[in-house]
Amino acid sequence: MVLRVASLLPSATEMVHFAGAGETLVGVTHECDYPPGVEKLPRLISSKIHAATMTSAEIDTAIDRILTDEGSIYALDAKLLEDLAPDLVITQGLCDVCAVSLNLVEQAVAGLKTRPEILSLNPTSLGDVLEDAVCVGEALGRSEVAREKVSALRERLGRVEEAVAGLPRPRVGCIEWLDPPFSAGHWVPEMVRLAGGEELFAGPGEMSARISWEEVFEAVPETLVLMPCGFDAERARQEARNLPELPGWSELPAVKSGRVWAVDANAHFSRPAPRLVEGVEILARILHPQAFPDAPRPEDAARFPASGMGRPSG
């Protein structure tokens, strides 16, 4: 019997396909967009925030208000969930801003005539993400495929570590939200370390936290990586267009050397999914272009501002 899977996380949707079990998916979220085609599946989750038409500051304010007043910025269609009759629901308990809360999912499942199994993924490190990929594969009866693919990802990470070994480690500031600024926590500091850099604003496994631009300037980063959660590189560049107006911006070493980058956080940094490994490779090419002659494609990473946009170079 083929399992019926409801994915309440974009990262879980990616993992199901990673395990070679895309045909098991019966429902996804409004944010699921990879691999192409999943957006055609029934959408179990919707957002109360229309981020496409809002600025970063407006989104931040709306999130605080809705979480305070209503407890969740997401709505789960319990009727559709019942109609789809999944055997397995994949969700998370890590972040109420990133996805529907585990409590809301448990309440919805408790009201169903059938009781699907709930698999909650709560990674805080890159290793956790890779283990979750195996866990999803095991739940779908595809453990061998998942383990083989994860092994290949670990080999890619090993090649990056080997390539940057012994090279100078630049001071890196990864910014997960721009207005107000937030540090990039959880697995991102580990990604920076593997890529041959020193992350300034968060330690491995730490939660993302609100910081100030004054703190960013005082840390004098040699490279800044703008990775606002949920945005691609182009949207990140749009949101960053006012940064040059900040007092002290032009004096930052990263700005002076043209080493401010906007990246596709959605694909390679925000979502705890196998494509984080590609994110490590992108970071390594940004930080140590001499060690990686094959630069990221323009859609993977673009210099900011637009006048300096291009592929990483020496």
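Tutor: Let's start where two helices touch: Leu126, Gly127, Leu130, Glu131, Ala133, Val134, Gly137 and Glu138 of H5 meet Ser143, Ala146, Arg147, Val150, Leu153, Arg154 and Leu157 of H6. Contact here means heavy atoms within 4.5 Å. The helix labels are DSSP runs numbered from the N terminus (H or I, at least four residues; for strands E, at least two).

Student: What should I keep in mind about the model itself?

Tutor: It is a predicted model, in which local features need pLDDT of at least 70 and side-chain atom pairs count only at pLDDT 80 or more, while totals for chains, interfaces and linings use all residues. Residues are numbered from 1 along each chain as its sequence is written, and side-chain values use heavy atoms, with hydrogens and water left out.

Student: At what angle do H5 and H6 pack, and how far apart are their axes?

Tutor: Two packed helices are described by the angle between their axes and the distance between the axes. For H5 (126–139) and H6 (143–164), the angle is about 160° and the axes are 7 Å apart. That makes H5 roughly antiparallel to H6. Under 35 degrees is called roughly parallel, over 145 roughly antiparallel, 65 to 115 roughly perpendicular, and the rest oblique. The axes are lines fitted to C-alpha atoms, for helices over the stretch in contact, with angles from 0 to 180 degrees between N-to-C directions.

Student: How does H6 pack with H12?

Tutor: The axes of H6 and H12 (276–287) lie 10 Å apart, at an angle of about 15°. So H6 is roughly parallel to H12. This crossing is left-handed. Leu153, Arg156, Leu157 and Val160 come from H6, and Val277, Glu278, Val280, Glu281 and Ala284 from H12. The class count is six nonpolar, no polar and three charged residues.

Student: Which residues have the most contacts inside the largest nonpolar core?

Tutor: In soluble globular proteins, nonpolar side chains tend to be buried together. A core here is a set of buried Ala, Val, Leu, Ile, Met, Phe, Trp, Tyr and Cys residues joined through side-chain atoms within 4.5 Å. Buried means under 20% relative accessible area, exposed over 50%, and partly exposed in between (1.4 Å probe, protein chains only). The largest core has 50 residues, and Val16, Ile90, Leu121, Val136, Cys174, Met227 and Val280 have the most contacts inside it. H12 gives the most to this core, eight residues. A second, separate core has 24 residues, including Ala6, Tyr74, Leu76 and Val105.

Student: What does Val136 touch?

Tutor: Leaving out residues up to four places away in sequence, Val136 touches Met15, Val16, Ile90, Leu119 and Leu121. Two of those names, Met15 and Val16, are among the buried residues of H1. That helix (10–18) has eight of its nine residues buried, so it is largely enclosed by the rest of the structure. Its buried residues pack against S1 (5–7), S2, S5, S6 (117–121), H5 and H6. After H1 comes Gly20, with a positive phi near 75°.

Student: Where are the cis peptide bonds and the positive phi values in residues other than glycine?

Tutor: Most residues other than glycine have a negative phi, and most peptide bonds are trans. Here, Tyr34 to Pro35 is cis, with omega near -5°, and Pro35 sits in the loop between S2 (25–29) and S3 (43–47). Asp179 and Pro180 are also joined by a cis bond, omega about 0°, with Pro180 in the loop between S7 (171–178) and S8 (181–183). Ala85 has a positive phi of about 50°; look in the loop between H3 (78–84) and S5 (88–92). Val220 has phi near 40°, in the loop between H8 (213–218) and S10 (223–226).

Student: How accessible are Ala85 and Val220?

Tutor: Ala85 is partly exposed at 32% relative accessibility, and Val220 is partly exposed at 38%.

Key: A crossing is left-handed if the near helix is turned anticlockwise from the far one by less than a right angle, and right-handed if clockwise. Ala, Val, Leu, Ile, Met, Phe, Trp, Tyr, Cys and Pro count as nonpolar, Asp, Glu, Lys and Arg as charged, and the others, Gly among them, as polar.
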